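User: Please take a close look at one part of this model, a strand together with the strands on either side of it. I would like the backbone described in plain terms.

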Amino acid sequence: MKRHSFLGLGVAVLAVVSLSVSLHAGADSGWVSLFDGKTLNNWVQHNGTATYMVKDGTIEGTTSEGSPNSFLCTKKNYGNFELEFEVKVHNNLNSGVQIRSQQENGDGRVNGPQVEIEASGDNGAEAGYIYGEAIKYDGKGIGWMTPEDKRTPHKNLKDGEWNQFRVVANGPRIQTWINGEQVSDLVDERVYKSHPTGFIGLQVHGIKKGTGPYSVAWKNIRIKELK
């Protein structure tokens, strides 16, 4: 009797473990890594002369004095998706991640929605809000997509540390989270109409003469396309 009881218990435990593994696999289904931790395969640099290299399992971008904004971009375009990545940025460097971006404005300039990355500093900052990088209508740049009254400075980004970002772009709605805290929930029909799909881009911002070099690094970059 005892032997049979232990056998039954073992079967039950295995069933629970199997179910747990199955649920975990289901939760992760559809995710694709954009960075293999070793190479920059499937990425291409547009604009600028900042340097991008693989360092200790991360993509590290470093400023180049006199360079305009630089972008390391996926070769594949994405429309509706959920994007996750971790980032650590120098306190003096402004950076960002482009989504649904393109170069189809005639001058090769990367343009599209950008998820802002910057240190919080003493008074908080605007990391996680959405900026219209080089997006122009009627020859005029639109600047911030997130309205001014919604861009409340915050300290969700931990300076000098790795920070986890989550971005969900579904139709005209773009939502962002930093370290599990939601930062932005934006609906912009106009930009969605002109930028419904495009590449993902890792930005190294241009710097003032006599400053830097500064670096920003990304790791664990993955994406799940949404139907």
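Analyst: In the hairpin of β12 and β13, two residues lie between the strands, and Asn 179 there takes a positive phi near 50°. Strands, here and below, are DSSP runs (E, at least two residues), numbered from the N terminus. This is a predicted model, in which local features need pLDDT of at least 70, side-chain atom pairs count only at pLDDT 80 or more, and totals for chains, interfaces and linings use all residues. Residues are numbered from 1 along each chain as its sequence is written, and side-chain values use heavy atoms, with hydrogens and water left out.

Strand β12 covers residues 173–178, and five of its six residues are buried, so the strand is largely enclosed by the rest of the structure. Buried means under 20% relative accessible area, exposed means over 50%, and partly exposed is in between (1.4 Å probe, protein chains only).

On one side, β12 is joined to strand β13 (residues 181–187) by six bridges, and the two run antiparallel. Two strands count as paired if DSSP finds at least two bridges between them. Within this pairing, Arg 173 has Val 187 in β13 as its bridge partner.

Strand β12 also pairs with β11 (residues 163–170), again in the antiparallel sense and over six bridges. Here Phe 165 has its bridge partner in β12, namely Ile 178. The hairpin of β11 and β12 has two residues between the strands, and Gly 171 takes a positive phi near 65° in it.

Most residues other than glycine have a negative phi, and most peptide bonds are trans. Asp 56, a residue other than glycine, has a positive phi near 50°. Asp 56 sits in the loop between β3 (51–55) and β4 (58–62), and is exposed, with a relative accessible area of 74%. Asn 220 also has a positive phi near 50°, but its place is in strand β15. As for the peptide bonds, the one joining Gly 212 and Pro 213 is cis, with omega about 0°. Pro 213 belongs to the loop between β14 (199–204) and β15 (215–225).

Note on methods. Helices (H or I, at least four residues) and strands (E, at least two) are DSSP runs, numbered from the N terminus.
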